[in-house]
Amino acid sequence: MLLIKTPKWLKLLYPKLLWEANTANRCIYLTFDDGPIPIVTPFVLNILKQYNAKATFFCIGDNVRKHPAIFEQVKSEGHAIGNHTFNHLKGWKTEDNIYLDNFLEADKLLNTKLFRPPYGRIKRSQVKLLQKAKPGIQIVMWSVLSADYDSTISPEQCLDNVIKNTKPGDIVLFHDSLKARERMEYALPKALEYWSREGYVFGLLG
């Protein structure tokens, strides 16, 4: 079952992870996982620029290695960068030392204190290892899931997921990936248009 809005009980289980941000104004935090890749990431950057919106990109280290020019474009346009491991590892199925090494390999390219575990799955022991290896690390989750990666939902449903569930302070998760492309490319411009009309601004994490 997809949880579009992260339930309160889950946030209470992992209180040291960042699920949403405190804000005194109508600010939301757009995030994108799994890039950078050709075509899709530049599309996202172009749409964000049209709405004067900033976002945080949780990048896969191997994609940064393959597409350094796109990564530099993300940074040069004023967006924040987060680590998403080097090979998109699922923490629950990965030995702790392998997970840490993969994080550190990505960190050499990304050099950021923001981290989001792929699939949102990370062991408590892995959290402790990352905190020891990278003092000051901020492990970022999300409070609203677009589910753009889910091929069983329509682009319209993807849009509804974010429009109907987002409030000030929410961290909204999209993906700049091929799997999510169809739904993300439909939902993102329309969501930005709606949020802008409603007076929202778009903040950076970090």
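User: In this predicted model, which residues is phenylalanine 174 in contact with, leaving aside its neighbours within four places in sequence?

Analyst: This is a predicted model. Close sequence neighbours, those within four places, are left aside here. The contacts of phenylalanine 174 are then Leu30, Thr31, Phe32, Asp33, Ser146, Asp148, Val162, Met184, Ala187, Leu188 and Trp195.

User: Which element gives the most to the largest nonpolar core?

Analyst: The largest nonpolar core has 61 residues. Those that touch the most other members are Leu30, Phe32, Leu48, Phe57, Phe174, Leu192 and Trp195. Nonpolar side chains tend to be buried together in soluble globular proteins. With six residues, the top contributor to this core is H8.

User: Is glutamate 182 buried or exposed?

Analyst: Glutamate 182 is found in helix H8. Its relative accessibility is 55%. The cut-off for exposed is over 50%, so glutamate 182 counts as exposed.

User: How many Å apart in space are glutamate 182 and serine 154, C-alpha to C-alpha?

Analyst: In sequence, glutamate 182 and serine 154 are 28 residues apart. In space, C-alpha to C-alpha, the distance between them is 9.1 Å.

User: Is serine 177 buried or exposed?

Analyst: Serine 177 sits in the loop between strand S7 (171–175) and helix H8 (181–197). Its relative accessible area is 11%. Buried means under 20%, so serine 177 is buried.

User: Which elements give two or more residues to the lining of the largest pocket?

Analyst: The largest pocket has a volume of about 880 Å³. It is lined by 31 residues, and the closest to its centre are Tyr119, Gly120, Arg121, Trp142 and Tyr149. Two or more lining residues come from each of helix H1 (8–13) and S7.

User: How many charged residues are in the lining of the largest pocket?

Analyst: Sort the lining by class. There are 19 nonpolar and seven polar residues. The number of charged residues is five.

User: How many charged residues does the lining of the second largest pocket have?

Analyst: The second largest pocket has a volume of about 180 Å³. Its lining is Tyr14, Pro15, Lys16, Leu17, Arg124, Val127, Lys128 and Gln131. Four of these are nonpolar and one is polar. The charged residues number three.

Definitions and conventions
Residues are numbered from 1 along each chain as its sequence is written. This is a predicted model: local features need pLDDT of at least 70, side-chain atom pairs count only at pLDDT 80 or more; totals for chains, interfaces and linings use all residues. Side-chain values use heavy atoms; hydrogens and water are left out. Helices (H or I, at least four residues) and strands (E, at least two) are DSSP runs, numbered from the N terminus. Buried means under 20% relative accessible area, exposed over 50%, partly exposed in between (1.4 Å probe, protein chains only). On a 1 Å grid over the protein atoms alone, a cavity is a set of points where a 1.4 Å probe fits but cannot get out, and a pocket is an open set with protein on both sides within 12 Å along at least five of seven lines; lining residues have an atom within 4 Å of a point. Grid points are joined across faces, edges and corners, and a volume is the space filled by probe spheres set on the points. Ala, Val, Leu, Ile, Met, Phe, Trp, Tyr, Cys and Pro count as nonpolar, Asp, Glu, Lys and Arg as charged, and the others, Gly among them, as polar. A nonpolar core is a set of buried Ala, Val, Leu, Ile, Met, Phe, Trp, Tyr and Cys residues joined through side-chain atoms within 4.5 Å. Contact means heavy atoms within 4.5 Å.
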